[in-house]
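Have the sequence and the 3D view open as you read.

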Amino acid sequence: MRFDRRIILFALPMVALLALPLLGLLGGLSPHRMSEAWSHPLWAPALWLSIKTSLISLAFVVTLGTPFAWWLAQDKRSAAWQWLVDVPMVLPPAVVGLALLVVFGRQGILGSLSGLVFSTAAVVLAQTIVAAPFYISAAVAALRAVDEDVVLVARSLGKSSLGAFVSVVLPCAWPGLAAGMGMAWARAVGEFGATLFVAGNLPGVSQTMPLAIYTVMESDLSVALSLSVLLAGLALLALLTLRWSAGRGRRS
Amino acid sequence: MSWSARILYERPEFILDVELESEHSVVALIGPNGAGKTTLLRALLGAYPLSVGHLTIDGSACFDADQGLDLAPEERRIAYVPQGFGLFEHLRVIDNVAFGLGRSSLARDQAQNRLDQLGIGQLAARYPHQLSGGQQQQVALARALVCEPSLLLLDEPFSALDVTTKRALRQSLPADLRAKGLSSVIVSHDRRDLEPFDPYVYAIEDGAVVQRGTLAQLEQAPETAFVREFVGL
């Protein structure tokens with residue numbers, strides 16, 4: 001169908017808004033500042049912690065989230081639990097963090113695990129809870145889109161319910177699952193509020209990149225900016241890798 | 001080979017209640033859209049938990065609600081070629097055909113042999129989306145038959161094909177099935193697709209059988225407006 005080019009005029013303001021953070025990052029970029037940031041003591045432990053915790057969180061999100069998504073995708077009665085997926089999306093992350101702090105506090109319902117608070121494990125917990133909805137929502141949509149008949153064919157050819165899920169459903173849903181993983185991972189890397197409340201801001205323990213940027217910003221804005229560019233580059237790289245992988249899955 | 005079934009599938013908005021018997025080796029299901037034909041095929045495969053009914057193939061029961069017997073789809077030895085063929089898009093042709101045979105290299109050899117017999121051995125390394133409609137149908141049939149099922153279910157096997165391919169397969173498919181002595185159930189909305197199979201026809205409307213008989217019998221005394229239109233009167 002022909003489309004009315006005037007719509008572009010109305011779309012441009014949104015394009016500009018979305019491009020604004022990237023422009024800000026690129027504008028603040030200079031080799032001198034980058035080398036300054038390079039020698040800053042905070043960035044290496046924070047980057048390593050961010051990579052480590054976000055990947056562990058992603059592993060939890062995928063292994064625990066996929067069965068839940070498969071249930072939500074298949075069983076109409078599971079709709080009663082759908083709202084739980086949306087809870088971490090609509091709650092402010094700081095509220096999630098505070099709630100976790102209460103749950104794992106000495107007086108909390110899981111008070112016996114109070115050692116968890118202000119630890120690296122708490123970082124992973126916060127990231128997992130906040131990032132999981134992004135993966136689960138994408139996974140439910142992708143799993144629902146798998147043709148029921150293709151699954152039945154796999155069953156008729158001798159696969160058990162689980163066998164058909166692994167050999168047919170997962171590969172068919174892969175592009176959607178990969179997109180969901182990308183979103184969830186990006187959310188985990190960017191996690192700030194919930195982490196700060198339940199895990200604190202301890203270098204080497206719970207100070208991930210966003211927290212390090214926040215800490216450095218108070219003393220040196222330009223170093224914070226360089227760290228931000230590093231983090232943004234990492235996130236974009238991961239996004240592109242997943243897009244590429246998903247695109248390959250779709251083609252084959 | 002003989003088989004018989006009673007399927008009662010109840011949903012709030014739809015009830016399917018049908019008894020089938022293999023009077024001929026090919027049973028055809030006809031009926032308007034939404035009559036329940038595809039649902040019936042899926043129910044025969046064991047896709048739904050049913051509380052009433054039975055399915056017996058060659059004297060052995062796959063499903064008998066009275067006796068609490070309900071074999072899973074993978075235990076029924078029923079092959080299925082859905083509308084659009086249901087090929088596994090992420091697998092090469094050879095792995096599609098070998099799917100039901102396991103992962104051994106023997107399975108792949110057997111699949112390759114089957115493709116060679118069909119004259120499409122050169123397609124083994126391709127992916128389904130790289131095939132024509134006719135080739136996809138051949139691969140889907142090869143995949144279904146390689147496990148030597150006792151019953152074959154075909155949902156609109158010709159609807160996705162162009163006219164030339166359709167004409168060729170209308171001749172070859174009935175001959176193949178006859179040569180194998182395999183019982184089958186075919187859903188179709190086109191009388192010309194069914195004629196070469198000489199089927200016993202069940203006309204289904206709103207989840208119930210409204211008329212049964214050979215095509216000639218249906219033609220002589222069509223009992224509903226749909227059947228009359230189907231036989232071309």
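## Two loop residues with positive phi

B:Arg77 sits in the loop between β6 (69-70) and β7 (78-81) of chain B; strands here are DSSP runs of E, at least two residues long, and helices are runs of H or I of at least four, numbered from the N terminus. Its phi is near 55 degrees, a positive value in a residue other than glycine. Most residues other than glycine have a negative phi. B:Arg77 is partly exposed, because 17 other C-beta atoms lie within 10 Å (20 or more would be buried, 12 or fewer exposed, in between partly exposed, with C-beta atoms placed from the backbone).

B:Glu148 belongs to the loop between α4 (133-145) and β8 (151-155) of chain B. Phi is positive here too, near 50 degrees. B:Glu148 has 10 C-beta neighbours inside 10 Å, so it counts as exposed.

## A hairpin in chain B

In chain B, β1 (residues 3-11) and β2 (residues 14-21) pair in the antiparallel sense over 8 bridges; pairing takes at least two DSSP bridges. A hairpin of 2 residues joins β1(B) to β2(B).

## Chain A

Chain A has 11 helices and 0 strands. Its C-alpha trace spans about 65 × 60 × 30 Å along the principal axes, and buried residues make up 38% of its 252 residues.

## About the model

This is a predicted model: local features need pLDDT of at least 70, side-chain atom pairs count only at pLDDT 80 or more, and totals for chains, interfaces and linings use all residues. Residues are numbered from 1 along each chain as its sequence is written, while chains are lettered from A and ligands numbered from 1 in the order in which they are written.
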